[in-house]
Amino acid sequence: MRAWVAAAVLATAAPAFGNGRPSETISINFRRGHDADVACGMTFGFVVTHDNGATWRWMCEDALHYNGLFDPTYAYTEPGSIFATTFNGALVNRDGCTFDATAFGENAAVTTLAQGPDGAVYMGLDRTATTTVPADPKLYVSTDDGATFPISANPGQPSDWWESIRVAPSDPQRVYVSGFRVLPMQGRGHLLFRSDDGGHSYQPMGQTGLVATTNTTMQLVGVSATNPDVLYLHLDLIDPTNPDKTDDAIAKSTDGGATWTKILEKNATIYFLARANGDLVASTQLAGSSVSHDGGATWQDLVNPPHINCLSENDAGEVWACTANYHVEPTPMQVEIPSDGYGIMKSTDLATWTPVLHFQDILGPVDCPVGTVQRDSCVDREMLGTTNWCVTRSQLGVTENPTCCPPMHDGEPVSPGCPDPGGGSDDDPSCCGTSSSSTNVPTALLSGVVIGGVLLRRRRRRA
């Protein structure tokens with residue numbers, strides 16, 4: 001059996017899975033001040049557009065130095081740099097092709113990052129002590145697009161883990177941070193800090209009004225566009241009687257984090273957005289979405305919203321949402337997710353949703369020169385008789401074929417300008433490294449899907 005037949009088997013058996021998870025968009029990141037440039041984290045790597053979503057290209061996980069169920073946090077700055085938290089520390093892409101180490105090097109775990117309205121880049125470290133390097137749990141700030149990080153502060157202890165950073169849109173000096181500390185015999189202790197001087201120093205915030213367990217994750221999810229004292233916190237697993245129950249809540253503070261009030265709770269994962277116009281949006285994949293026009297006092301359900309698992313807003317006031325490109329069949333480890341037909345959709349009024357990204361329409365991999373990981377590992381490297389891109393193309397059902405991957409199923413015409421993979425003996429190589437040695441492709445890759453499905457769990461952003 002030739003490799004193109006194996007790829008067809010894979011595409012039919014598991015067209016919507018990457019790393020054992022449904023192939024979906026994880027995050028949407030607009031370049032500050034340039035809405036046409038958008039970088040999106042996916043369960044199957046990373047895609048980018050430079051024409052406001054008209055065309056998209058793909059990068060594989062190897063190019064970003066991570067893999068598996070991990071989801072990087074990204075920041076896309078005004079000069080065009082894309083920062084990402086990865087297994088090799090915080091990396092930055094400045095040329096569109098290569099993710100290189102930042103000033104912290106490849107051995108420092110950067111657990112979260114963010115950027116302020118003035119372009120400052122914030123990073124939270126979790127560097128454990130070694131025989132030569134002391135522990136470093138500081139929060140760092142760069143004012144030169146990540147070239148240097150001269151500002152730092154350590155509000156916590158060496159074992160602290162930083163979960164999220166948010167900077168007030170109306171005041172670049174106001175910075176909020178969440179994290180946790182593992183306490184002996186007590187489990188996780190939650191940390192909330194605030195800076196009024198752009199990250200030079202921090203003070204603890206209050207936790208009055210918050211209900212949480214030792215399993216709860218607290219992540220800052222928004223600050224008012226006009227009032228730096230108004231901020232929002234997402235909490236999960238908040239039921240102390242059942243710490244494994246999927247109970248999510250959104251809490252609001254109107255006094256800069258001194259006290260909190262719960263404004264929403266759902267028995268589902270909540271994806272939250274504080275819009276520039278003051279509206280609040282709370283979405284779920286399967287339990288609907290709602291909007292509040294009065295700061296969370298009341299909520300109205302959206303009519304027939306897509307199945308949303310992330311939200312972001314650009315400078316033009318468009319809300320972009322991660323949606324369900326495929327129909328995901330139910331399994332013992334996976335709930336059924338109906339298809340929206342697109343992996344990203346957008347809206348200005350939350351009533352009408354316009355398609356932005358159809359996974360099958362991805363044009364191909366990001367074109368990079370030989371010697372880059374993107375070219376050598378994602379596009380050219382042969383493994384089990386095919387390439388990383390050809391497997392991804394087959395899984396997603398992508399129709400474009402710029403690298404001459406073999407046909408995905410019997411009867412599919414050979415792409416114009418590509419050699420016919422059926423034109424030689426089974427021992428002769430054809431395009432995309434296809435050969436008779438590739439008969440193990442479906443077994444190996446489908447096994448990965450099965451194993452990944454067993455490992456599938458509620459996503460956590462952990463380094």
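Both Cys-390 and Cys-405 are buried, where buried means under 20% relative accessible area, exposed over 50% and partly exposed in between, with a 1.4 Å probe and protein chains only. The structure is a predicted model, in which local features need pLDDT of at least 70 and side-chain atom pairs count only at pLDDT 80 or more, while totals for chains, interfaces and linings use all residues. Residues are numbered from 1 along each chain as its sequence is written, and side-chain values use heavy atoms, with hydrogens and water left out.

These two cysteines form a disulfide, with their sulfur atoms 2.0 Å apart, a disulfide being a pair of cysteine sulfur atoms within 2.5 Å. The torsion about the S-S bond of Cys-390 and Cys-405 is about -90 degrees, so this disulfide is left-handed. The pair links distant parts of the chain, since Cys-390 sits in helix α4 and Cys-405 in the loop between α4 and α5 (441-455), 15 residues apart. Helices (H or I, at least four residues) and strands (E, at least two) are DSSP runs, numbered from the N terminus.

Helix α4 itself covers residues 388-396, and because eight of its nine residues are buried, it is largely enclosed by the rest of the structure. The buried residues of α4 are Trp-389, Cys-390, Val-391, Thr-392, Arg-393, Ser-394, Gln-395 and Leu-396. After the helix comes Gly-397, whose phi is positive, near 75 degrees.

When the bonded cysteines of the chain are numbered in sequence order, the pairing reads 1-6, 2-5, 3-4, 7-9, 8-10.

One of these bonds joins Cys-97 and Cys-368, whose sulfur atoms lie 2.1 Å apart; the torsion about their S-S bond is about -100 degrees, so the disulfide is left-handed. This pair links distant parts of the chain, with Cys-97 in the loop between β9 (89-93) and β10 (99-101) and Cys-368 in the loop between β31 (364-365) and α3 (373-380), 271 residues apart. Cys-97 counts as buried because its relative accessibility is 12%, and Cys-368 counts as buried at 3%.

Another bond is formed by Cys-310 and Cys-322, with sulfur atoms 1.7 Å apart, and with 60 degrees about the S-S bond this link is right-handed. Cys-310 lies in strand β27 (residues 310-313) and Cys-322 in strand β28 (residues 319-322), so the pair ties together parts that are twelve residues apart in sequence. Cys-310 is buried, with a relative accessible area of 8%, and Cys-322 is buried as well, with a relative accessible area of 0%.

What keeps Cys-40 from a bond with Cys-322, the cysteine whose sulfur is closest to its own? The sulfur of Cys-40 is 6.9 Å from that of Cys-322, which is too far for a bond. Cys-40 counts as buried, at 0% relative accessibility.

Turning to the chain as a whole, there are five helices and 33 strands. Of its 463 residues, 56% count as buried. Among contacts (heavy atoms within 4.5 Å) between residues at least 6 apart in sequence, 48% join residues at least 24 apart. The accessible surface of the chain comes to about 18800 Å², of which 53% belongs to carbon and sulfur atoms; accessible areas come from the Shrake-Rupley method with a 1.4 Å probe, and for residues only the protein chains shown count as cover.
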